[in-house]
Amino acid sequence: MAVTLHVDTAAWEAMVAGVWAAYDDLIPVVKGNGYGFGRSWLAQEASRRGATDVAVGTVFEMGDALGLGLRPIVLTPSLDLDSVKVPRSAVLTVGTSAQLDQALRFVPLGAISVKVA
């Protein structure tokens, strides 16, 4: 059985506009299937609203953000940096010394977010 999502566009737009106005340091999240909207569409919305950064789930989800000039903040630590081009602008998350070593090897001058317990 398929599920169909119907969005009350006016209500959604009002909610997003209210949240956007309430927080100066808001970082939109654009990951997975884009919560049913699609990552590309959500990245475009973030850019249209003036975002400079977006959080993405993995290094493999950076493309939409990069294509719009947004800085991707990668939420999931990765040891797969040799299989994807990571731009210096990306902020990588690390949680282990092995992930830190990978980040320093592939983006030695890039920003890093440290995940701690």
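Start by selecting R48, which is exposed, with a relative accessible area of 53%. On this tour, buried means under 20% relative accessible area, exposed means over 50%, and partly exposed is in between, using a 1.4 Å probe and protein chains only. A salt bridge here is a side-chain nitrogen of Lys or Arg within 4 Å of a carboxyl oxygen of Asp or Glu. E45 counts as buried, at 12% relative accessibility. Both R48 and E45 sit in helix α2, three residues apart, or about one turn of the helix.

A word on what you are looking at: this is a predicted model, where local features need pLDDT of at least 70 and side-chain atom pairs count only at pLDDT 80 or more, while totals for chains, interfaces and linings use all residues. Residues are numbered from 1 along each chain as its sequence is written, and side-chain values use heavy atoms, with hydrogens and water left out.

**Next stop: the rest of the network**

What links E13, E45, R48 and R49? The four are joined in a network of salt bridges. Look at the E13 and R49 side chains, which meet in a salt bridge of 2.8 Å, N to O. E13 lies in helix α1 and R49 in the loop between α2 and β1 (53-56), so this pair ties together parts that are 36 residues apart in sequence. Color by accessibility and you will find E13 partly exposed at 30%, while R49 is buried at 18%.

**Slide to R39 and E61**

Another salt bridge joins the side chains of R39 and E61, at 3.8 Å from N to O. R39 belongs to helix α2 and E61 to the loop between β1 and α3 (63-67), so the pair ties together parts that are 22 residues apart in sequence. Is E61 buried or exposed? E61 is buried, with a relative accessible area of 13%; R39 is partly exposed, at 25%. Across the whole structure, a search finds six salt bridges.

**Zoom out to the two helices**

Show α1 and α2 as cartoons. Helices (H or I, at least four residues) and strands (E, at least two) are DSSP runs, numbered from the N terminus. Two packed helices are described by the angle between their axes and the distance between the axes. Here α1 and α2 pack at an angle of about 50°, with their axes 12 Å apart. The axes are lines fitted to C-alpha atoms, for helices over the stretch in contact, and angles run from 0 to 180 degrees between N-to-C directions. α1 and α2 are therefore oblique to each other: angles under 35 degrees count as roughly parallel, over 145 as roughly antiparallel, 65 to 115 as roughly perpendicular and the rest as oblique.

Select M15, V19, Y23 and L26, which make a nonpolar surface patch of about 350 Å². Patch members have over 30% relative accessible area and no salt bridge; like charges are joined within 9 Å, and nonpolar side chains (Val, Leu, Ile, Met, Phe, Trp, Tyr) within 5 Å. L26 is in the loop between α1 (9-22) and α2 (39-48) and is partly exposed, at 31% relative accessible area.

Pick I73 in strand β2; I73 is buried at 14% relative accessibility.

Then go to S78, in the loop between β2 (71-74) and β3 (91-94). S78 is buried at 11%, and its C-alpha is separated by 8.2 Å from that of Q102, 24 residues away along the chain.

Finish the picks with V107, in the loop between α4 (97-106) and β4 (111-114), which is buried at 5%. V107 and T93 are 14 residues apart in sequence and 12 Å apart in space, C-alpha to C-alpha.

**Last view: the whole chain**

The protein chain has four helices and four strands, in the order α-α-β-α-β-β-α-β along the sequence. The C-alpha trace spans about 45 × 40 × 30 Å along its principal axes, and 33% of the 117 residues count as buried.

Notes:
Accessible areas come from the Shrake-Rupley method with a 1.4 Å probe; for residues, only the protein chains shown count as cover.
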